[in-house]
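Dear colleague,

Please find below the structure that I am handing over to you. My notes on what was found in it follow directly after.

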Amino acid sequence: MSKPMLSVAGVKTQYGKIIALHGVDLDVNEGEIVTLIGANGAGKSTLMMTICGTPRASEGRILFEGRDITHMPTHEIMRLKIAQSPEGRRIFPRMTVYENLQMGAAMDDYAHFEGDLERMFDMFPRLKERLHQRGGTLSGGEQQMLAIARALMSRPRLLLLDEPSLGLAPLVVRQIFDVIRELNAIEGLTVFLVEQNAYHALKLAHRGYVLVNGSITMAGTGRELLESPEVKAAYLEGGA
Amino acid sequence: MHEATAAASSGLLARALKDAAASAAITALLLVPLVGMHATEGPSGALVLKYRFGLVAIFALLVGGLRLGLHLTVWRGDSARGAAPRFPALARLAGPAGDAAKPVFFAVLLLYPLLAVLGSGGLGPSRYWIDLGIYILTYVMLGWGLNIVVGLAGLLDLGYVAFYAVGAYTFALLAGSVPISDFFAGTLGADFWRLWSFWVCLPLSGLLAALWGVILGFPVLRLRGDYLAIVTLAFGEIIRLVLINWVDLTNGGAGIASIPPISFFGIPFSSGEGGFANLFGLEFNPMHRNIFLYFVILALAALTAVATIRLRRMPVGRAWEALREDEIACRSLGINTTLTKLTAFSIGAMFGGFAGAFFAVRIRFVSPESFTFMESAVILAIVVLGGMGSQIGVAVSAILLIGGMEMLRNLTFLKDPWLFGPDFDPSLYRMLIFGFAMVAVMAWRPRGLVSSRLATIFLKERKKVSGDLVREGHG
Ligand SMILES: Nc1ncnc2c1ncn2[C@@H]1O[C@H](COP(=O)(O)OP(=O)(O)OP(=O)(O)O)[C@@H](O)[C@H]1O
Ligand SMILES: [Mg+2]
């Protein structure tokens, strides 16, 4: 097998004395959708942020395309064709949709800006309608679309998504997951998806990991995890 | 339906009037002993009681009127606070309609000295107005400089005056330095340094202030909001204390007075042969220099404005605005937040340094007293009142605040013996009025005078992003 695109090996992350991650191992191969599921406070967001360099891993190594990024400054990591839609969306509320998208392309020198903008409008027609509206006045779903589109504007090879379905209506969740699937199938984008919505995430993903209290307890293909009794009991109860 | 609203509004009016009358009465009662009776030393040295009931009446009316006004506007309940801007004319200044007003605005600025001379009837009498223009423009420039740090990058800087001081002292020390003057006397002529020092030192002052901006920037990069404000406040005070105590260099509290005057690009504003008036065939008048100073500060302020507009459209300017909104998101987009903050600090500081050099060459005397925290507070107030980030708003609020405080001096009718008496100096109350103005503006327009901002880049048409319609939500 070829080397993974992103490889997290024995990563431990602490907030002061609190240990949030106890040596996590995880791989994301090129062209895959990999999901990470887990309960509130399991450390999912911490893992994603550690990949991006804030907070720093106190032990272990993180490789992206064979390069050690464990100690790289965050802004340099994010220029390596990794893009992130952080937890809580974090769009720029006082900037317009257009300006938000521009910020996404800032590190790409706007070389492909116009074309990429059109691509985003194809994917999320709502954004085109709202182009000159302030980000903060968008609905939650629109903000999520904007957060994903903004991340995509930097033309990433690896997209990190933290709970894109948070607080959205089922129909909008479906729409966003469809876009992720298309991006992966058509453009070959590699996606690392952190989700609470385990059912949808596991159905979408090629592979998945389960994080419990800062440790990976299970790994497998999406289907395997969906069918595993432990996952069913802990994350899919009454779900769908 | 109509009757109901009419009844409601007449009820409102009645209630407001009643409340206003009650407040006025209470104020009057309280103030009769406090203000209405005034004990002064009589001619024989004994205490004499004076009555000032006129003053009491004025205060009572002021309080009553203010409360009435507040009842009918601000306290009217949320229904009255519609989306429509209260000062449409001001809001329009920032919009496309402002484009037509801008040439007029610039024309007025350019012609201001002429208008002042014509209006006051001669060069000599125009001095007050020209100096006032210079004074206001200095604050416009300082406001625009601080606007980069506070308004655009969202970094609350309470020590901006430090950079103003660095600029002023850099200029004063270099321009007044005897060794430098002697050095150039040997190579470029005896008068070189006296005539050219401003033009050589102006960029140096800006650069040095920018350097100090970086020096301040480094330790405070991790801080935000209140913490940043406190550290910058301390920085401003430290600079002032250093200026007071480093007597060998700065001459301490006595200040530096040997600053050469500004020249017309090497031509002195002197009366004799080779002076400005002589060369241009004019009759000598000291006002020539003041008018020239007016145009220098106008050019410096314009430079600040143009640079800011340019920077806002460049990646670094957009990164500033993004930084103000969300630092974590900025980092996740690959923006180097450290560098972005440093550039905001240093560029803002640079313009403060330019303004400081100008201040020094205008007054020709610098002392630590000119650089107190009060200055920082006034500049910050200008930025906040103007609507953070809005250049036209900052200019308007500088004109209103600085010009308004100056105008207080002209309220001579208050010296009427029936009111405050001849010893009364209205300008002593300027801080009080300043505070009132702040509270009033913030009550009426919580986002500042001009609260809408234009999107920096337009796709096809200009769309105004109205501040009044924004509900800041994250969900
Ligand atoms: N900045 C911080 N300082 C201290 N502790 C933190 C910090 N951020 C997260 N934690 C702690 O680390 C643990 C993991 O948090 P994390 O945000 O990674 O959880 P999560 O799996 O993303 O949860 P959720 O699904 O609710 O978003 C939690 O116990 C949390 O309290
Ligand atoms: Mg989380």
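The model is a predicted one.

Helix α5 of chain B is largely enclosed by the rest of the structure, because 21 of its 26 residues are buried. The helix covers residues 127-152 and reaches 36 Å from its first C-alpha to its last, close to the 38 Å expected at 1.5 Å a residue. After the helix comes B:Gly154, with a positive phi near 70 degrees.

B:Ser126 belongs to the loop between α4 (98-120) and α5 of chain B. With a relative accessible area of 0%, B:Ser126 is buried. The side chain of B:Ser126 reaches the backbone oxygen of B:Leu123 at 2.7 Å. Neighbours within four places in sequence aside, B:Ser126 is in contact with B:Ala116, B:Val117, B:Ser120 and B:Met287. B:Ile291 is 165 residues from B:Ser126 in sequence, yet their C-alpha atoms are 9.8 Å apart in space.

For chain B as a whole, there are 18 helices and 6 strands. Of its 475 residues, 46% count as buried. Among contacts in chain B between residues at least 6 apart in sequence, 71% join residues at least 24 apart.

A:Ser45 lies in helix α1 (residues 44-52) of chain A and A:Glu87 in the loop between β6 (82-85) and α3 (97-104), so the pair ties together parts that are 42 residues apart in sequence. A:Ser45 is buried, at a relative accessible area of 17%, whereas A:Glu87 is partly exposed, at 38%.

- A nitrogen atom of ligand 1 is 3.4 Å from an N or O atom in the side chain of A:Tyr15.
- A polar backbone atom of A:Ala42 is 3.2 Å from an oxygen atom of ligand 1.
- An oxygen atom of ligand 1 lies 3.1 Å from a polar side-chain atom of A:Glu163.

A:Ser85 has its place in strand β6 of chain A and is buried, with a relative accessible area of 1%. Not counting residues up to four places away in sequence, A:Ser85 touches A:Gln144, A:Ala147, A:Ala151, A:Leu160, A:Leu161 and A:Asp162.

Finally, some backbone features of chain A deserve mention. Most residues other than glycine have a negative phi, and most peptide bonds are trans. A:Arg89 has a positive phi near 70 degrees, and A:Arg90 has a positive phi of about 50 degrees. A:Arg89 lies in the loop between β6 and α3 of chain A, where A:Arg90 is also found. A:Arg89 is buried, with a relative accessible area of 9%, while A:Arg90 is partly exposed, with 29%. A cis peptide bond, with omega of about 0 degrees, joins A:Thr54 and A:Pro55. A:Pro55 is found in the loop between α1 and β4 (59-64) of chain A.

With kind regards

Methods:
Residues numbered from 1 in each chain as written. Chains lettered and ligands numbered in written order. Predicted model: local features only at pLDDT ≥ 70, side-chain atom pairs only at ≥ 80, totals over all residues. Heavy atoms only, no water. Helix = DSSP H or I, 4+ residues; strand = E, 2+ residues; numbered from the N terminus. Expected span 1.5 Å × (residues − 1). Buried < 20%, exposed > 50% of the residue type's maximum accessible area, 1.4 Å probe, protein only. Contact = heavy atoms within 4.5 Å. Polar contact = N/O pair within 3.5 Å; in protein donor to acceptor, adjacent residues only side chain to side chain.
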